[in-house]
Amino acid sequence: MYKRLLIFTFCVIGLITVLGFLPIRGESELYQNVVRLHVLANSDSEEDQTLKLEVRDAILEKTQLMLRGCTSKSQAQQIIEYNLPKIEATAKNAVTRAGYDYSVSVQLGNEEYPTKNYEGCCFPAGEYLSLRVLIGSAEGQNWWCVLFPPMCLSAASDSSEAFAQVGLTGDQYNVITQTQNPKYKVRFKLLEAFETALKN
């Protein structure tokens with residue numbers, strides 16, 4: 001009797017330990033609650049990489065105004081879709097002002113992202129709604145960020161507040177900001193594994 005009770009106790013402790021590392025309800029919704037930004041430069045030349053950043057800045061300035069007061073990803077998606085021609089025109093104007101005649105294409109759709117770090121946050125690899133900006137041949141190094149909630153701008157230094165304002169939970173915030181914590185590191189990797197498993 002004592003031996004069975006001891007085994008049961010160890011099993012319960014083990015289960016509690018494992019559950020503490022698993023993603024909890026709501027963390028997997030991180031993929032469905034953000035909009036990413038992906039800017040692809042024409043090439044890896046210094047000039048084209050500088051141009052990429054100028055286009056990025058112009059788009060961020062434009063979309064910051066568009067998305068002000070936005071409280072959900074669906075609302076942000078509708079606004080971006082409606083304003084795609086304006087966003088593309090903004091990018092083209094930035095290219096022209098810089099003295100280039102590259103073509104510019106702006107698209108909104110789902111895209112696979114690798115694991116990426118942004119000023120203290122680390123987002124798991126997976127499929128996200130993404131605003132893609134292709135400059136010229138789009139064969140240069142990429143620039144990635146989180147367009148919504150607004151984490152691309154250095155002004156949005158308090159990302160926890162930005163997340164709270166759009167309804168993302170403290171647990172979702174913790175899993176992307178505490179990835180050096182062994183507990184959250186495991187949960188972060190499990191999120192990526194679950195996302196991959198759902199597609200296979």
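Is Cys70 buried or exposed? At 8% relative accessibility, Cys70 counts as buried; the word buried stands for under 20% relative accessible area, exposed for over 50%, and partly exposed for what lies in between, with a 1.4 Å probe and protein chains only. Cys145 is buried too, with a relative accessible area of 3%. A disulfide is a covalent bond between the sulfur atoms of two cysteines. Here it is counted when a pair of cysteine sulfur atoms lies within 2.5 Å, and by this rule the count is zero disulfides.

Before going further, a word on the model. This is a predicted model, in which local features need pLDDT of at least 70 and side-chain atom pairs count only at pLDDT 80 or more, while totals for chains, interfaces and linings use all residues. Residues are numbered from 1 along each chain as its sequence is written, and side-chain values use heavy atoms, with hydrogens and water left out.

## The overall layout

The protein has seven helices and six strands. These are DSSP runs numbered from the N terminus: helices are H or I with at least four residues, and strands are E with at least two. Starting at the N terminus, the order of elements is α-β-α-α-α-β-β-β-β-β-α-α-α.

Of the 200 residues of the protein, 40% count as buried. Contact means heavy atoms within 4.5 Å. Among contacts between residues at least 6 apart in sequence, 72% join residues at least 24 apart.

## The sheet

Strands of a sheet pair through backbone hydrogen bonds, either parallel or antiparallel. In this model, four strands make an open sheet with mixed pairing, in the order S2-S5-S1-S6; two strands pair if DSSP finds at least two bridges between them. S2 and S6 stand at the edges with a single partner strand each, so one side of each has no neighbour in the sheet. On average, neighbouring strands of this sheet are turned by 25° against each other, direction ignored. Such angles are taken between axes, which are lines fitted to C-alpha atoms (for helices over the stretch in contact), and run from 0 to 180 degrees between N-to-C directions.

Now let us walk across the strands. S2 and S5 are antiparallel and share 10 bridges; one detail is that Glu111 has Tyr128 in S5 as its bridge partner. S1 and S5 run parallel and are joined by six bridges, and Leu40 stands opposite Leu134 in S5. Strand S1 (residues 35-40) also pairs with S6, in the antiparallel sense over six bridges. There, His38 stands opposite Trp144 in S6, and Val39 has Trp143 as its bridge partner in S6.

## What covers the strands

Helix H2 (residues 46-66) lies across S1, S5 and S6, running at about 5° to S6. Six of the seven residues of S6 are buried, so this strand is largely enclosed by the rest of the structure. Val146 has its place in strand S6 and counts as buried at 0% relative accessibility. The C-alpha atoms of Val146 and Ser130 are separated by 8.9 Å, and the two residues are 16 apart along the chain. S5 is mostly covered as well, with eight of its 10 residues buried.

## An aromatic cluster

How many aromatic pairs does the structure hold? There are three. Rings of Phe, Tyr and Trp (its six-membered ring) pair if their centres lie within 6.5 Å; planes under 30 degrees apart count as stacked, over 60 as edge-to-face and the rest as tilted. Tyr113 and Tyr128 form an edge-to-face pair, 5.8 Å centre to centre with 80° between the planes. Tyr113 lies in strand S2 (residues 104-113) and Tyr128 in strand S5 (residues 126-135), so this pair ties together parts that are 15 residues apart in sequence.

Tyr113 and Trp144 also form an edge-to-face pair, at 4.8 Å centre to centre and 70° between the planes. Because Tyr113 lies in strand S2 and Trp144 in strand S6 (residues 142-148), this pair links parts that are 31 residues apart in sequence. Tyr113, Tyr128 and Trp144 form one aromatic cluster. Tyr113 is buried at a relative accessible area of 3%, and Trp144 counts as buried at 15%.

## A charge over two rings

The charged end of Arg36 sits over the ring of Tyr113, 4.2 Å from its centre. For this, NZ of Lys or CZ of Arg must be within 6 Å of the ring centre and within 35 degrees of the ring normal. Arg36 also lies over the face of Tyr128, at 4.4 Å from the ring centre.
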